[in-house]
Amino acid sequence: MSINQNLDEIIKARRSIRMFTSEMPTKKDIETIVQAGALTPFAALANTGKDARKFFVVSRNNPLLNKLSSVVKNRAGIFAEQFKAQINSNPILQAQGQGFLKRLELTAQQGPLGIGSAPYYIVVAEKRGIPDVQHKSIAHCMENMWLKATALGLGFHLVSITTQMEQDDEFCNLLNLPFGEYRLDGCAIGYPAQNPPQPIRPRIDEVTTWYI
Ligand SMILES: Cc1cc2nc3c(=O)[nH]c(=O)nc-3n(C[C@H](O)[C@H](O)[C@H](O)COP(=O)(O)O)c2cc1C
């Protein structure tokens, strides 16, 4: 198979895997996933240098994982209360925000999916800069890591609540990150215990306008 065909296969095979076996991926595999993340573009105007982008790899064998999970669980409860108050006074949010509120409430009750339910939780942090493009930059990083995990036969899902943990000093302290200085996102990785059905995706001709 050509490099081009291999790339197409990996892009097609990438899925959100939310259930994992108990098998631990090797440190070597996780290292190559982090390497793939480190190769992604960064906003040179906003941020450069070795403190610009950091990776925190936390395995379920380390007690830190439970601490992070419980901080996220508590914070999700606070966010849920704040968001409920917001949507009660805003009809547009009221109509569109129910799904997000439910997700926050579930996280506050059961703990965050991916932090503890997967062998590895990885947080990517990027130092805030001007312009404030670090979440975009981290999204590139996540996609590379996701594709690399897929190529290795590993499952991956985003743990987006990590982004909101920028606002939690306890979470930042646990990772030895100066509070308020970094943008965050996270993901969960392990061996897949599910093969989810293909989502319905629009055909390219349904969503593309050509001006050629
Ligand atoms: C910005 C963004 C945030 C997401 N956050 C989460 C998340 O927190 N947890 C999760 O399980 N999936 C998350 N997803 C994954 C989507 O639900 C998923 O990509 C989509 O349903 C399509 O399924 P697929 O990834 O299997 O192709 C997120 C995706 C995007 C683009």
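In which loop does Pro-131 lie? Before I answer, please keep in mind that what we are looking at is a predicted model.

Pro-131 sits in the loop that runs between β2, residues 120-127, and helix α6, and the peptide bond that joins Ile-130 to Pro-131 is cis, with an omega of about 0°. There is another backbone feature to point out, this one at Asn-176, which has a positive phi of about 55° although it is not a glycine. Asn-176 is placed in the loop between α8, residues 169-174, and β4, residues 182-190.

Let me turn to helix α6 itself, which spans residues 134-151 and packs with helix α1, residues 3-13, at an angle of about 100°, the two axes being 9 Å apart. That angle falls between 65 and 115 degrees, and therefore α1 counts as roughly perpendicular to α6. Where the two helices meet, α1 contributes Ile-10, Ile-11 and Ala-13, while α6 contributes Leu-147, Thr-150 and Ala-151. Sorted by class, this contact of α1 with α6 holds 5 nonpolar residues and 1 polar residue, with no charged residues.

Finally, the ligand. Which residues surround the ligand? They are Arg-14, Arg-15, Ser-16, Arg-18, Trp-146, His-157, Leu-158, Val-159, Ser-160 and Arg-201, and by class this shell has 3 nonpolar, 3 polar and 4 charged residues.

Some of these residues also come up when we look at individual atoms. An N or O atom in the side chain of Arg-15 is 2.8 Å from an oxygen atom of the ligand, and for the side chain of His-157 the corresponding distance, again to a ligand oxygen, is 3.4 Å. In the case of Ser-160, a side-chain N or O atom is 2.6 Å from a nitrogen atom of the ligand. As for how much of the ligand is covered, the ligand taken alone exposes 630 Å², and the protein buries 57% of that.

Conventions:
Residues are numbered from 1 along each chain as its sequence is written. This is a predicted model: local features need pLDDT of at least 70, side-chain atom pairs count only at pLDDT 80 or more; totals for chains, interfaces and linings use all residues. Side-chain values use heavy atoms; hydrogens and water are left out. A residue is near a molecule or strand if one of its heavy atoms lies within 4 Å of it. A polar contact is a pair of N or O atoms within 3.5 Å; within protein, one must be able to donate a hydrogen and the other to accept it, and residues adjacent in sequence count only if both atoms are side-chain atoms. Accessible areas come from the Shrake-Rupley method with a 1.4 Å probe; for residues, only the protein chains shown count as cover. Ala, Val, Leu, Ile, Met, Phe, Trp, Tyr, Cys and Pro count as nonpolar, Asp, Glu, Lys and Arg as charged, and the others, Gly among them, as polar. Axes are lines fitted to C-alpha atoms, for helices over the stretch in contact, and angles run from 0 to 180 degrees between N-to-C directions. Helices (H or I, at least four residues) and strands (E, at least two) are DSSP runs, numbered from the N terminus. Angles under 35 degrees count as roughly parallel, over 145 as roughly antiparallel, 65 to 115 as roughly perpendicular and the rest as oblique. Contact means heavy atoms within 4.5 Å.
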